[in-house]
Amino acid sequence: MKYLSIALLFSTSLMAASPEVVQYMNELSKTAKVQNSSFNGFDASRGKEIFTSTHTGKQGKPMACTSCHTTNLANSGKNSLTGKVIDPLSPRANPQRLTSTKEVAKWLKRNFMDVYAREGTAQEKGDVLTYIMKN
Amino acid sequence: MTKIVNLSIAALLLAGGVYLYADDDKREEHEHHRSTVVAKPLTPQEKATTALYTKECGACHMAYQPQFLPKRSWDKTMKTLDNHFGTDASLDQSDHKSIQNYLASHASKNDQVVDVRGAVALRISETPYFVREHREVTKKMVTQPEVKSFANCNACHTQALKGSYREREIRIPNYGRWED
């Protein structure tokens, strides 16, 4: 029952992702609950902190998600390592975003490694996706 | 600097094997009657693999033409994608396999290419051929923010994405055309 209510919460509040990605987030939510019994749903403000804070990345240098995606997700970003332009991350500005679970899972794995030098937890991934959807 | 500028795309794509230019030429002559007339059209499968390569290996920088490095270089790159020049570029198993095969089948035939330190070359920009071709390009031209590094081929070679590196297509940011 608990899972069901979480799932319901998603489908109503997070329309900025495709059904496939909403499904992916529901799975993240289940895992988050298993890993942390006090988990009580994803949170955009925690996601914002994950996205905007600076950490020692894979290269041992300060890195943030915003190093490449900038603080305004509706704008284009720039890969800080190569200089290549990155289309906006916000699904509102860029309808292609958050439409493929394969893409989302692949980039979250890579990008968490780059910024945090480890993979993100289910809760962190869900929080940051919730933040991206609201921007 | 008196070079033939108007090299064909195909010839340029052999650039990675330029060490064996003589051999390549010979081989080309041999194969001439067999291969010139009918260029086999790509099968849907081959088209899909090319698109996969372009998307995945073109996400952070341009998708380099596989012809610039030999198979053993690409194999090494594919084995170390989780730490690819300091970033994580890992792929799922199925895409990894398709791309590794794609690179292998389009690689330079010169398997002896080593980088300037004598190791299996991971960077095109560290192969002796590349270094020779770019010896007159100054450090400032490369390190300026609009270029960043030699890895950014298409910052200077305006048709690099199409596999064409002719001199008359070169525009170096803040410097312009390359005049001999």
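**Figure 1. How chain B is put together, starting with its contacts.** In chain B, 62% of the contacts (heavy atoms within 4.5 Å) with a separation of 6 or more come from residues 24 or more positions apart. This is a predicted model, where local features need pLDDT of at least 70 and side-chain atom pairs count only at pLDDT 80 or more, while totals for chains, interfaces and linings use all residues. Residues are numbered from 1 along each chain as its sequence is written, chains are lettered from A and ligands numbered from 1 in the order in which they are written, and side-chain values use heavy atoms, with hydrogens and water left out. Chain B has 8 helices and 2 strands, which are DSSP runs numbered from the N terminus (helices: H or I, at least four residues; strands: E, at least two). Along the sequence, they read α-α-α-α-α-α-α-α-β-β. Of its 180 residues, 40% are buried, meaning under 20% relative accessible area, with exposed being over 50% and partly exposed in between (1.4 Å probe, protein chains only).

**Figure 2. A look at B:Thr77.** You'll find B:Thr77 in helix 4 (residues 71-79) of chain B. B:Thr77 is buried, with a relative accessible area of 7%. Skip the residues up to four places away in sequence, and B:Thr77 touches B:His84 and B:Leu122.

**Figure 3. Chain A as a whole.** Chain A has 6 helices and 4 strands, and they come in the order α-α-α-β-β-α-β-β-α-α. Buried residues account for 47% of its 135 residues. Take the contacts in chain A between residues at least 6 apart in sequence: 54% of them join residues at least 24 apart.

Figure 4. Helix 3 (residues 44-52) of chain A has A:Ala44, A:Gly47, A:Ile50 and A:Phe51 buried. Looking down the helix axis, these buried residues fall within an arc of 110°, so they line one face of helix 3; the arc is that of the directions from the helix axis to the C-beta atoms. Over on the other side, A:Ser45 and A:Glu49 are exposed. The cover for the buried residues includes helix 4 (66-69), helix 5 (101-116) and helix 6 (122-133) of chain A.

**Figure 5. Rings in chain A.** Over all chains, the structure holds 6 aromatic pairs. Rings of Phe, Tyr and Trp (its six-membered ring) pair if their centres lie within 6.5 Å; planes under 30 degrees apart count as stacked, over 60 as edge-to-face and the rest as tilted. One pair is A:Phe51 with A:Tyr131, tilted at 45° between the planes and 5.6 Å centre to centre. A:Phe51 lies in helix 3 and A:Tyr131 in helix 6 of chain A, so this pair ties together parts that are 80 residues apart in sequence. Both A:Phe51 and A:Tyr131 are buried.

**Figure 6. Two nonpolar cores.** A nonpolar core is a set of buried Ala, Val, Leu, Ile, Met, Phe, Trp, Tyr and Cys residues joined through side-chain atoms within 4.5 Å. The largest one has 27 residues, and those with the most contacts inside it are A:Phe51, A:Leu98, A:Val104, A:Leu108, A:Leu129 and A:Ile132. Helix 2 (19-35), helix 3, helix 5 and helix 6 of chain A each supply at least two of its residues. Leaving aside neighbours within four places in sequence, A:Leu129 is in contact with A:Tyr24, A:Met25, A:Leu28, A:Leu98, A:Val104 and A:Leu108. A second, separate core of 24 residues includes B:Tyr53, B:Met62, B:Ile99 and B:Leu103.
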